[in-house]
Amino acid sequence: ARGTAIINLIQIEQGETINAVIPVSEFEDDKYLFFVTRSGVVKKTPLEDYVNIRKGGLIAINLREDDCLIEVKLTDGKQEMIMGTAHGMSIRFSEHDVRSMGRGATGVKGITLDEGDSVIGMDVIDKELDVLIVTSKGYGKRTPASDYRSQTRGGKGIKTINVTDKNGPVVGLKVVKSEEDLMIITTSGTLIRTSMEGISTMGRYTQGVKLINIREDDSVATVCRVDKS
């Protein structure tokens, strides 16, 4: 969470958590690690910069005070990225808008956040797939990726879901396909697995439908895609 690249085992400081695991078979020179932080900063660094990782780790991104790393993706430098926020905003932009930087760089603004908002997720866009949104109170929906137009990096973005007291803030954003399953895990440790094709497809301005019943003292902690097999 403090911007350290890892491989195998790593010694982490108290209060740190591991937020991304990237499988790498070889360090190709045309691959990049794409980082996003809670405050909306993004950074792209060549994968080959991480060839010689010590047991104690290497600095992967220079984080600003009170910021933290929330997501990392392996890309080829030619992808379209989408970021989502807790207040239901999102932005889609080309990787070409983010110049390649060294490991010690801080990065550039990916999205402009309203006061009190924060980035909750990032993924690689595929125009043939859907964008899945899940909220803290167990609501969710799928929206065609084509409904999210490409914009210039650093803007305020567009609405991805109508956040209300009923459905709660957004906690998960994933680019998904119908042939997958979805796992939802709550803060109390409850887990459900459901078919992705069973989740309703709706427009960006809707609030979604209930995917899991949540107690008043519980909330959705995280979501992940899994193969049906």
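**Strands, then cores**

I began with strand 14 (residues 180-186) and strand 15, which run antiparallel and are joined by 5 bridges. I took strands as DSSP runs (E, at least two residues), numbered from the N terminus, and counted two strands as paired if DSSP finds at least two bridges between them. Across this pair, isoleucine 184 stands opposite isoleucine 192 in strand 15.

A note on the source: this is a predicted model, where local features need pLDDT of at least 70, side-chain atom pairs count only at pLDDT 80 or more, and totals for chains, interfaces and linings use all residues. Residues are numbered from 1 along each chain as its sequence is written, and side-chain values use heavy atoms, with hydrogens and water left out.

Next I traced the open sheet of 3 strands, and its order is 15-14-17 with antiparallel pairing. Strand 15 (191-195) and strand 17 (220-227) are at the edges with a single partner strand each, so one side of each has no neighbour in the sheet.

Then I went to the largest nonpolar core, which has 15 residues; Phe34, Val36, Val42, Met83 and Phe93 have the most contacts inside it. Such a core is a set of buried Ala, Val, Leu, Ile, Met, Phe, Trp, Tyr and Cys residues joined through side-chain atoms within 4.5 Å.

Last, I checked serine 90, which lies in strand 7. Serine 90 counts as buried because its relative accessibility is 0% (buried is under 20% relative accessible area, exposed over 50%, partly exposed in between, with a 1.4 Å probe and protein chains only).

Key: Helix = DSSP H or I, 4+ residues; strand = E, 2+ residues; numbered from the N terminus.
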